Amino acid sequence: MFGIFKKKEKEWTLGSPTSGKAVPLSKVNDPTFAEEMVGKGAAVIPADGKICAPADGKIEMVFPTLHAFGMTTDYGAELLIHVGLDTVNLNGDGFTSHIQPGDSVKKGDLLLEVDLEKLQRLGYDTVIPVLVTNHLDFTSVEGVSEMETAPGEDLVIIRK
């Protein structure tokens with residue numbers, strides 16, 4: 001009836017966790033991410049080793065190897081931010097964490113630092129997938145890509 005009883009779709013934006021080039025997950029050189037087996041989102045080829053919160057929320061877990069962390073946004077999106085490919089093998093070498101589980105964070109807060117030069121020197125791909133692991137709880141999760149980005153700039157648009 002004239003659409004007056006329709007619920008308006010809500011929209012949120014995840015910011016880029018760092019400076020670099022945004023790319024679609026399909027361009028990540030790992031099928032787990034490229035085929036969206038873990039979640040939907042986008043990735044950043046980093047130009048900077050400072051990893052910031054993509055949204056306001058709570059840190060749920062930090063891998064002991066510091067290469068990845070999970071958080072829940074204030075609107076319920078469950079995120080996995082994974083720094084580099086196969087970087088779990090470094091056992092935290094080259095990573096500095098500024099967070100622990102239970103921490104509340106604001107979009108743009110510094111969460112991790114990574115020595116990108118060291119990772120590259122050791123032959124690791126430094127791409128950073130930003131994934132919404134509970135994407136089925138939302139109408140759509142779409143990454144913006146193929147553009148230069150800075151911390152906090154739009155990277156993933158989530159609708160419900």
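Biologist: What makes Lys160 count as lying over the face of Phe138?

Modeller: In this predicted model, Lys160 is 5.4 Å from the ring centre of Phe138. The cut-off for a charge over a ring is 6 Å from NZ of Lys, together with an angle within 35 degrees of the ring normal. Lys160 is therefore said to lie over the face of Phe138.

Biologist: How many aromatic pairs are there by the rule for rings?

Modeller: The count is two.

Biologist: Why is the pair of Trp12 and Tyr75 called stacked?

Modeller: Their planes are 5° apart and their centres 4.5 Å apart. Centres within 6.5 Å make a pair, and planes under 30 degrees apart count as stacked, so the label follows. Trp12 is in strand β1 and Tyr75 in the loop between β6 and β7, 63 residues apart.

Biologist: Why is the pair of Trp12 and Phe138 called edge-to-face?

Modeller: The angle between the planes is 80°, with the centres 6.1 Å apart. Planes over 60 degrees apart count as edge-to-face, so that is the term used. Phe138 sits in the loop between β11 and β12, so this pair ties together parts that are 126 residues apart in sequence.

Biologist: Why is Tyr75 called partly exposed?

Modeller: The relative accessible area of Tyr75 is 21%. Buried would need under 20% and exposed over 50%, so Tyr75 falls in between. Trp12 and Phe138 are both buried.

Biologist: Why does Asp74 count as exposed?

Modeller: Asp74 has a relative accessibility of 59%, and the cut-off is over 50%, so Asp74 is exposed.

Notes: Residues numbered from 1 in each chain as written. Predicted model: local features only at pLDDT ≥ 70, side-chain atom pairs only at ≥ 80, totals over all residues. Heavy atoms only, no water. Buried < 20%, exposed > 50% of the residue type's maximum accessible area, 1.4 Å probe, protein only. Phe/Tyr/Trp six-rings, centres within 6.5 Å; stacked < 30°, edge-to-face > 60°. Helix = DSSP H or I, 4+ residues; strand = E, 2+ residues; numbered from the N terminus.
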